[in-house]
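This report walks through one structure, beginning with a helix and moving on to the cores and the aromatic rings. Please look over the sequence and the structure before reading on.

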Amino acid sequence: MKKLFISQPMKGKSDEDILAERKKAIKSAEEKIGEPVEVIDSFFQAAPVDAKPLWFLGKSLELLAGADIAYFAKGWQDARGCRIEHTCAVEYNINRIEP
């Protein structure tokens, strides 16, 4: 079973919207690779109250390091953190899904 990292824009979205988009990403990834995936939880609902964007990015990159495949959700090109995650996935040869 492949480990899936999901990169998605989150700024200005509700938790419900984020979780719904993640559900779609998981289904799409499983269809594309033809097998179930183990999802790496990169949605930090229990983040420190004063956490800055760079804190989230640092945690995300740590999780990305353990991924077999990274899914980049719609709009990733417009989100700074997603673009950095994408660059890291490319540079470190992590397979990518870019719908």
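## Helix α1

Helix α1 covers residues 15-33, and its 19 residues should span 27 Å at 1.5 Å a residue; the end C-alpha atoms are 27 Å apart, which agrees. The model is a predicted one.

The buried residues of α1 are Ile 18, Glu 21, Arg 22, Ala 25, Ser 28 and Ala 29. Seen down the helix axis, these buried residues fall within an arc of 130°, so they line one face of α1. They pack against four strands: β1 (2-7), β2 (37-39), β3 (69-72) and β4 (95-97). On the face turned away from the buried side, α1 carries the exposed residues Glu 16, Lys 23, Lys 24, Lys 27 and Glu 31. After the helix comes Gly 34, which has a positive phi, near 75°.

In soluble globular proteins, nonpolar side chains tend to be buried together. The largest nonpolar core here has eleven residues: Phe 5, Ile 40, Leu 64, Ala 67, Ala 70, Phe 72, Trp 76, Ala 79, Cys 82, Ala 89 and Ile 94. Strand β3 and helix α3 (80-91) each supply at least two residues of this core.

What is Ile 94 in contact with, leaving aside its neighbours within four places in sequence? The residues are Leu 64, Ala 67, Asp 68, Ile 69, Ala 70 and Ala 89. A second, separate core has nine residues, among them Leu 4, Ala 25, Ile 69 and Ile 97.

## Aromatic pairs

A search of the whole structure finds four aromatic pairs. In one of them, the rings of Phe 44 and Phe 56 have centres 6.2 Å apart and planes at 40°; planes under 30 degrees apart would count as stacked and over 60 as edge-to-face, so this pair is tilted. The pair links distant parts of the chain, since Phe 44 lies in the loop between β2 and α2 (53-64) while Phe 56 lies in helix α2, twelve residues apart.

The rings of Trp 55 and Phe 56 also pair: their centres are 5.1 Å apart and their planes at 90°, so this pair is edge-to-face. Phe 44, Trp 55 and Phe 56 form one aromatic cluster.

Phe 56 is partly exposed at 30%, and Trp 55 counts as partly exposed at 31%.

Definitions and conventions. Residues numbered from 1 in each chain as written. Predicted model: local features only at pLDDT ≥ 70, side-chain atom pairs only at ≥ 80, totals over all residues. Heavy atoms only, no water. Expected span 1.5 Å × (residues − 1). Buried < 20%, exposed > 50% of the residue type's maximum accessible area, 1.4 Å probe, protein only. Arc of directions from axis to C-beta. Contact = heavy atoms within 4.5 Å. Core = buried A, V, L, I, M, F, W, Y, C linked by side-chain atoms within 4.5 Å. Phe/Tyr/Trp six-rings, centres within 6.5 Å; stacked < 30°, edge-to-face > 60°.
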